[in-house]
Amino acid sequence: MQKKISSIPFSGTPEQEAQLKAVIDANKHDPTRVMGVMQEAQGIYGYLPIEVQQMIADGMGVPLEKIYGVATFYAQFALSPKGKYNISVCLGTACYVKGAGDIMDKLSERLGIGAEECTPDGKYSLTACRCIGACGLAPVLTVNEDVYGRLTVDDVDDILAKYAD
């Protein structure tokens with residue numbers, strides 16, 4: 001699955017930038033620490049927008065292509081922000097054969113976003129994951145830490161209503 005770059009404008013704060021610069025300064029002497037710096041950067045910003053990737057590349061003295069390559073290779077890195085409510089639909093085999101693809105399509109339609117995207121208001125993000133280990137409850141989705149199982153497309157509106165605040 002191709003990771004999508006966010007269409008939401010980057011809005012980092014001076015405080016976040018100062019935190020990132022401190023992390024880079026503490027690690028710039030060791031190019032093997034690039035991945036660790038990226039993990040810390042994602043902890044600061046919640047994701048790795050291209051602006052943050054560029055700061056890491058410049059600060060660590062490595063090409064931006066390397067940073068981007070690592071960010072797109074490893075599933076732990078996100079190129080788009082997560083919403084207040086991150087909805088993750090399991091598309092592993094057990095969930096998929098029981099209709100998870102249709103649930104993902106319905107969520108995408110209702111939220112107006114695709115997989116790996118965030119609503120413009122930052123309220124919802126939609127991600128696809130492989131297996132969360134709840135195959136007996138297939139199909140499964142999570143909203144942050146809440147798990148919903150044995151779903152049908154008819155459950156989507158009720159689940160979204162719980163997070164409408």
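How exposed is K28, by relative accessible area? K28 is partly exposed, at 45%. Here, buried means under 20% relative accessible area, exposed over 50%, and partly exposed in between (1.4 Å probe, protein chains only).

The model is predicted: local features need pLDDT of at least 70, side-chain atom pairs count only at pLDDT 80 or more, and totals for chains, interfaces and linings use all residues. Residues are numbered from 1 along each chain as its sequence is written, and side-chain values use heavy atoms, with hydrogens and water left out.

**View 1. The D25–K28 salt bridge.** A salt bridge is a side-chain nitrogen of Lys or Arg within 4 Å of a carboxyl oxygen of Asp or Glu. The structure holds 7 of them. In this one, the closest N and O atoms of D25 and K28 are 3.5 Å apart. D25 is partly exposed, with a relative accessible area of 46%.

**View 2. The K84–D165 salt bridge.** The closest N and O atoms are 3.3 Å apart. K84 lies in the loop between helix 4 (64–73) and strand 1 (85–90), and D165 in the segment after helix 7 (156–161), so the pair ties together parts 81 residues apart in sequence. Helices (H or I, at least four residues) and strands (E, at least two) are DSSP runs, numbered from the N terminus. Both K84 and D165 are exposed.

**View 3. The K123–D165 salt bridge.** Here the closest N and O atoms are 3.6 Å apart. K123 sits in the loop between strand 2 (117–118) and strand 3 (124–129), 42 residues from D165. K123 is buried, at 17% relative accessible area. D165 is exposed, at 65%.

**View 4. The salt-bridge network.** K84, K123 and D165 are linked in it.
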